[in-house]
Amino acid sequence: MPEQGLGTVVAVDGPAAAGKTTTCLALSKSFDLRYLESGRTYRIIAFEALQRDIPVENATKVTGLCDELITASRSVSLLTSDRYAQDKLRAARVNVAVSTVAKIAEVRQRVTSLIRLWAGAQPRCVIEGRDIGTTIFPAATVKFYLTAKPEVRAMRRVRQERAASYEHVLDDVVRRDEADMSRTTSPLVPAEDAIRIDTTELTVEQVLRLMTSACRDRGLEINR
Ligand SMILES: Nc1ncnc2c1ncn2[C@@H]1O[C@H](COP(=O)(O)OP(=O)(O)O)[C@@H](O)[C@H]1O
Ligand SMILES: Nc1ccn([C@@H]2O[C@H](COP(=O)(O)OP(=O)(O)O)[C@@H](O)[C@H]2O)c(=O)n1
């Protein structure tokens with residue numbers, strides 16, 4: 001699907017716990033942008049596969065499930081459905097399954113279409129994910145690639161989710177990094193023209209200052 005006619009799109013990609021959601025929510029307020037967390041949809045598909053005992057490695061079955069979920073959620077898009085509680089989508093078993101589901105090219109194709117459709121209906125939006133600036137919107141208005149050392153990201157997630165085991169969380173972060181970066185379809189890599197920010201040693205405020213300034217440089221207006 002072409003990107004023509006698209007309004008402002010801010011693309012924020014990067015690995016787990018790099019600070020995407022936190023900064024996207026803040027940018028969404030500052031610049032009056034509609035916000036989309038694309039990872040949530042991959043999590044919903046993985047969650048439903050687990051619920052129905054569908055093996056997540058089975059591309060045909062998972063793609064069929066994906067089609068079924070899209071058909072069933074015609075009035076409320078699978079992207080924005082609030083039917084799924086956050087704690088269910090962020091359970092350890094979903095963390096394990098999600099990167100396998102996200103490797104399936106046919107699933108990515110469908111989620112990509114949903115995201116493009118959604119964005120086409122917004123005047124301005126900020127979208128976080130793994131392939132927003134590379135595959136979904138290569139002509140996004142501004143692209144960011146946030147990252148940080150895995151140990152720092154794992155520690156942030158432990159604090160955020162009050163998770164008991166740092167080792168467990170670090171394992172999950174490293175495993176998902178590896179799976180997301182090495183897959184054939186739309187791997188997690190910075191877009192060539194993305195603004196890369198290593199947040200390891202930066203506070204949220206410092207990261208936001210950099211991002212805000214880049215957005216203003218690209219013509220986005222602060223919401224007063
Ligand atoms: N630069 C930062 N310094 C310290 N903590 C941060 C920073 N950025 C994000 N966090 C915290 O780390 C956790 C994960 O951030 P989040 O925005 O959910 O990451 P992502 O969306 O990339 O997975 C949150 O609790 C958030 O408050
Ligand atoms: N645009 C996207 C978004 C997420 N994903 C997949 O979905 C998983 C969960 O994404 P998420 O954004 O909810 O994960 P966190 O960064 O919040 O931990 C990722 O590890 C990827 O495997 C993807 O492949 N492409």
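Modeller: The following conversation sets terms against their definitions. This is a predicted model, in which local features need pLDDT of at least 70, side-chain atom pairs count only at pLDDT 80 or more, and totals for chains, interfaces and linings use all residues. Residues are numbered from 1 along each chain as its sequence is written, while chains are lettered from A and ligands numbered from 1 in the order in which they are written.

Biologist: Why is R156 called partly exposed?

Modeller: A residue is buried if 20 or more other C-beta atoms, placed from the backbone, lie within 10 Å of its own, exposed if 12 or fewer, and partly exposed in between. R156 has 19 other C-beta atoms within 10 Å, and is therefore partly exposed.

Biologist: Where is R156 found?

Modeller: R156 belongs to helix α8, residues 150-161. Helices are DSSP runs of H or I with at least four residues, strands are runs of E with at least two, and both are numbered from the N terminus.

Biologist: Which residues come nearest to ligand 1?

Modeller: A residue counts as near if its C-beta atom, placed from the backbone, lies within 6 Å of the molecule. Of the 16 residues around ligand 1, the nearest are G19, K20, T22, R156 and Q160. R156 and G19 are 137 residues apart in sequence, yet 9.2 Å apart in space, C-alpha to C-alpha. Helices α1 (20-30), α8 and α10 (204-217) each give at least two residues to this shell.

Biologist: What makes up the shell around ligand 2, by residue class?

Modeller: Ala, Val, Leu, Ile, Met, Phe, Trp, Tyr, Cys and Pro count as nonpolar, Asp, Glu, Lys and Arg as charged, and the others, Gly among them, as polar. The shell around ligand 2 accordingly has five nonpolar, four polar and six charged residues. Around ligand 1 the division is six nonpolar, seven polar and three charged. Of the 15 residues around ligand 2, A16, G39, A102, G129 and R130 come nearest.

Biologist: How do you know that β1 and β3 pair?

Modeller: Two strands pair if DSSP finds at least two bridges between them. Strands β1 (residues 8-13) and β3 (residues 124-129) have six bridges, in the parallel sense. One bridge partner is I127 in β3, which faces A11 in the pairing.

Biologist: What is the order of the strands in the open sheet?

Modeller: The five strands run β2-β3-β1-β4-β5, with parallel pairing. Strands β2 (34-37) and β5 (195-198) are called edge strands, as each pairs on one side only.
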